[in-house]
Amino acid sequence: MIDVLRAGALTTVQDQGRPGWAHLGVPRSGALDPAALRLANRLVGNPEHAAGLEITLTGCELRFTRAVTVALTGAPVDVLVERRPSDAAPSDAAPVERGPVEPTHVERRPGDTGRPLSLPAGAILRIGPARAGVRSWLAVSGGIAVEPVLGSRATDTLSGLGPSPLRDGDRLPVGAPTGPPAPVDLTVAPAVPAGLRLALRPGPRQDWFTPAALDLLLRTAYAVSPASNRVGARLAGAALPRALAGELPSEGLVLGAVQVPPDGQPLIFLADHPTTGGYPVIGVADDVTPLAQARPGTTVTFHGPQR
């Protein structure tokens, strides 16, 4: 078991998502950076599809009732392992202490991101706030073994499928390890960029906008809004003028769709996006993974697809 001592701003269980259900109104969901979670799983000896934790901005604190190997990828964070040498590991049936634990006379050792880290039974893992970027991904040997829904353990924050976001005092089951940790000393994480440049393909409702709108979208900079989340990254900047007024019947949406509400400010859909929507889609971003680390205020620019 994992005891959640401090859940942080938003920590969710994520895997590679639940593709293939959009016809029933169920989005893929899953880690906002699937490659980062796959790497963390490889580092601890898990299959790439195993479930881990996606940790947002403020970090979290966890206690493990058995010895495990963990690995963190994504945003750079400070990692600290704490253990009372004289204490026995808490049993799986022990009551959970709510809130952070402040042990005395403990062994403390720092950990690193991007490499396997062995924890003894009873250890407390303290993951600090992101020094840059927004999100980290934590893999645990054996994977997070919550009950799957439609073939995935991912938390979908829009539909409510999968486990709820973590709260202080929660307990998470851990599966049996399936392989040894990876024999690596270090992996190199990509730097968090100060600004993002996303490739954009024409959308199905480009004709709902004036000829100047697409040119405006491709030639001006936008900023990520504080209202962004796992559903979508809201952008603030030049409003995109419409050529057609009125309502549009709901139609299918895909990951990366750039939808434009009546205020003219574009919205880029991310992992927990709805499968249908009624605002016109002016374009589709090829790769939205970089938005997983985009803090509010991050500059976003678009360019046409490379030929």
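Author: A salt bridge is a side-chain nitrogen of Lys or Arg within 4 Å of a carboxyl oxygen of Asp or Glu. Across the interface of domain 1 and domain 2, that rule finds one salt bridge.

Reader: What kind of model are we looking at?

Author: The model is predicted: local features need pLDDT of at least 70, side-chain atom pairs count only at pLDDT 80 or more, and totals for chains, interfaces and linings use all residues. Residues are numbered from 1 along each chain as its sequence is written, and side-chain values use heavy atoms, leaving out hydrogens and water.

Reader: What makes domain 1 and domain 2 separate entries?

Author: The domain assignment does. It gives domain 1 as 2–88 + 98–172 and domain 2 as 195–303. Such bounds come from an automatic or database domain assignment. Taken over C-alpha atoms, the two centres are 30 Å apart.

Reader: How many residues of domain 1 and domain 2 are in contact?

Author: Contact means heavy atoms within 4.5 Å. By that rule, 26 residues of domain 1 touch 15 residues of domain 2.

Reader: What area is buried between domain 1 and domain 2?

Author: The size of an interface is often given as the accessible area lost when the parts come together. Buried area is that loss, found with a 1.4 Å probe and summed over both parts. Here the area is about 1,500 Å², with 53% from carbon and sulfur atoms. On the domain 1 side, Leu32, Arg135 and Leu158 lose the most area to domain 2, together 34% of what that side buries.

Reader: What makes Glu54 and Arg230 a salt bridge?

Author: Their closest N and O atoms are 2.8 Å apart. The limit is 4 Å, so the pair counts.

Reader: Why would such side chains pair?

Author: Side chains of opposite charge can pair when their charged atoms come close.

Reader: How many salt bridges does the rule count?

Author: The count comes to 14. One of them is Arg6 with Glu61, at 3.4 Å from N to O. Arg6 lies in strand S1 and Glu61 in strand S4 (residues 60–64), so the pair ties together parts that are 55 residues apart in sequence.

Reader: Why is Arg6 called partly exposed, and what is Glu61 called?

Author: Buried means under 20% relative accessible area, exposed means over 50%, and partly exposed is in between (1.4 Å probe, protein chains only). Arg6 has 22%, so it falls in between. Glu61 has 10%, so it counts as buried.

Reader: What makes Arg126 and Glu82 a salt bridge?

Author: Their closest N and O atoms are 2.9 Å apart, so they meet the limit. Arg126 is in strand S9 (residues 124–127) and Glu82 in strand S6 (residues 79–83), 44 residues apart. Both values are under the cut-off: Arg126 is buried at 12%, and Glu82 is buried at 5%.

Reader: Is Arg219 buried or exposed?

Author: Exposed. Its relative accessible area is 67%. Elsewhere, salt bridges that share partners join Arg6, Glu61, Glu82 and Arg126 into one network.

Reader: How do you know which strands pair in the sheet of six strands?

Author: Helices (H or I, at least four residues) and strands (E, at least two) are DSSP runs, numbered from the N terminus. Two strands pair if DSSP finds at least two bridges between them. The open sheet has the order S7-S6-S9-S4-S1-S11, with antiparallel pairing. S7 (107–111) and S11 (171–172) are the edge strands, since each pairs on one side only.

Reader: Why is Thr155 called buried?

Author: Its relative accessibility is 1%, so it is under the 20% limit. Thr155 lies in the loop between strand S10 (135–140) and S11. Leaving aside neighbours within four places in sequence, its contacts include Thr12, Ser29, Arg230 and Asp272.

Reader: What makes Thr155 and Pro163 a polar contact?

Author: A polar contact is a pair of N or O atoms within 3.5 Å; within protein, one must be able to donate a hydrogen and the other to accept it, and residues adjacent in sequence count only if both atoms are side-chain atoms. The backbone oxygen of Pro163 lies 2.8 Å from a polar atom of the Thr155 side chain. Between domain 1 and domain 2, twelve residue pairs are in polar contact, both residues at pLDDT 80 or more.

Note on methods:
Buried area = accessible area lost by both parts, 1.4 Å probe.
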